[in-house]
Amino acid sequence: MRRRFATLDVFTDRRFAGNSLAVVLDADALDAAAMQAIAREFNHPETVFVFAPADPAHRARVRIFTPARELPFAGHPTVGTAVLLGARDGGRDLVLEEGIGAVRCTLESVRGGGGSARFTIPQLPTEVGATVDAATIAAALTLAPSDMGEGRPARWSAGNPFTFVPIAGLAAMVRCRPDPAKFDAAFGAGGAVYVFCNETVEPGHHFHARMFAPAMGVPEDPATGSAAAAFAGVLARRLSDGTHTVVIEQGYEMGRPSLIHLTAEVAAGRLVSASIAGDAVIVTEGTIEA
């Protein structure tokens, strides 16, 4: 059966940058094994499969696969799918049913071949256990202990767990290289690590980040919205009450610069809501036989 698909570059407003995404629009009757095989064939960090929603008030039910596994939630697939479906339908507000639950999205702009979207994170971030010592983490990233930044590493999740590791600056960020022999001991079997620093490549941005998740089939990710969602929990402890927006740059070391806009609302010293926003542009459209 021929099934329509589109590919997009997400968290960028230009093609051949940002994080690539495939969206299969006619996914009915595909089982998990077939979807996993198609995701491996596209070999993008994630592939989305679109189904009719369980709730008719929602726009679609979606399933998200990396080349290695299914995810309950991911950020750049949410933004990219919202832009693609919203631009086709002409609607502004839509709800995507993901494994984590209903994700509310707003199409903020539409332009030829793309647009921008924002989604409210469906699950507030929580700290999910202790990390190993900083020296073990540094070694797993092929860094020296002196390359670590201020603050302790921490594990947080807003649907997908990540180890968040502060790094001293851009020079050390460039040198980050996961050591396969030490990775699982530092971050857990199948773990993912998000390294960040306050020094940025471009003015006006707030953080520079990289994300490594080799067991998910993603050696490095150009832009990681679900990590940015969990990062809101890390940041909330530093923020005063009110609404704060930060811009996270990622993917620069890969030649695929990406920008993620994270908005966090803090009240009484606690994170009460957060949203992720970014651009997406359609790159290809076609059909796949599956």
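1. Which helix gives the most to the lining of the largest cavity? Helix 2 does, with 3 residues. The model discussed here is predicted, so local features need pLDDT of at least 70 and side-chain atom pairs count only at pLDDT 80 or more, while totals for chains, interfaces and linings use all residues. Residues are numbered from 1 along each chain as its sequence is written, and side-chain values use heavy atoms, with hydrogens and water left out.

2. On the cavities in general: the structure holds 2 cavities of 30 Å³ or more. A cavity is a set of points, on a 1 Å grid over the protein atoms alone, where a 1.4 Å probe fits but cannot get out, and its lining residues have an atom within 4 Å of a point. Grid points are joined across faces, edges and corners, and a volume is the space filled by probe spheres set on the points.

3. The largest cavity has a volume of about 110 Å³, and among the 17 residues that line it, E46, L71, D221, T224 and S226 are the closest to its centre. Two or more lining residues come from each of helix 2 (75-89), strand 13 (207-213), strand 14 (218-221) and helix 6, where helices (H or I, at least four residues) and strands (E, at least two) are DSSP runs numbered from the N terminus. By class, this lining has 9 nonpolar, 6 polar and 2 charged residues; Ala, Val, Leu, Ile, Met, Phe, Trp, Tyr, Cys and Pro count as nonpolar, Asp, Glu, Lys and Arg as charged, and the others, Gly among them, as polar.

4. The second largest cavity holds about 30 Å³ of space, and its lining is made of L235, L239, H244, T245, V246, L262 and A264. Strand 15 (242-250) and strand 16 (258-267) are the elements that give two or more residues to this lining, and the largest share, 3 residues, comes from strand 15. Its classes are 5 nonpolar, 2 polar and no charged residues.

5. Helix 2 has 15 residues and reaches 21 Å from its first C-alpha to its last, close to the 21 Å expected at 1.5 Å a residue; the expected span is 1.5 Å times one less than the number of residues. This helix is mostly covered, with 12 of its 15 residues buried, where buried means under 20% relative accessible area, exposed over 50% and partly exposed in between (1.4 Å probe, protein chains only). The buried residues include H76, P77, V83 and L85. Just after helix 2, G90 takes a positive phi of about 80 degrees.

6. Helix 6 (residues 225-236) has 12 residues and spans 17 Å from its first C-alpha to its last, close to the 16 Å expected. It, too, is mostly covered, with 12 of its 12 residues buried, among them G225, S226, F231 and L235.

7. What touches the most other members in the largest nonpolar core? Of its 63 residues, F164, Y194, F231, I248, L262 and I276 do, and helix 6 gives the most to this core, with 9 residues. A nonpolar core is a set of buried Ala, Val, Leu, Ile, Met, Phe, Trp, Tyr and Cys residues joined through side-chain atoms within 4.5 Å. Apart from it lies another core, of 19 residues, including L141, M173, V195 and F212.

8. Leaving aside neighbours within four places in sequence, I276 is in contact (heavy atoms within 4.5 Å) with residues that include F11, F119, G225, A228, A229 and L262. F11 itself is placed in the loop between strand 1 (2-10) and strand 2 (19-24), and has a positive phi of about 65 degrees although it is not a glycine. F11 is buried, with a relative accessible area of 2%.

9. A29 also has a positive phi, near 75 degrees, in a residue other than glycine. A29 lies in the loop between strand 2 and helix 1 (32-42), where it is exposed, with a relative accessible area of 80%.

10. T284, in strand 17 (residues 270-289), counts as partly exposed at 35% relative accessibility. The C-alpha atoms of T284 and T7 are separated by 5.2 Å although the two are 277 residues apart along the chain, and, neighbours within four places in sequence aside, T284 is in contact with F5, A6 and T7. A189, in the loop between helix 5 (180-187) and strand 12 (193-197), counts as exposed at 74% relative accessibility, and its C-alpha atom is separated by 21 Å from that of R40, 149 residues apart along the chain.

Technical notes: On a 1 Å grid over the protein atoms alone, a cavity is a set of points where a 1.4 Å probe fits but cannot get out, and a pocket is an open set with protein on both sides within 12 Å along at least five of seven lines; lining residues have an atom within 4 Å of a point.
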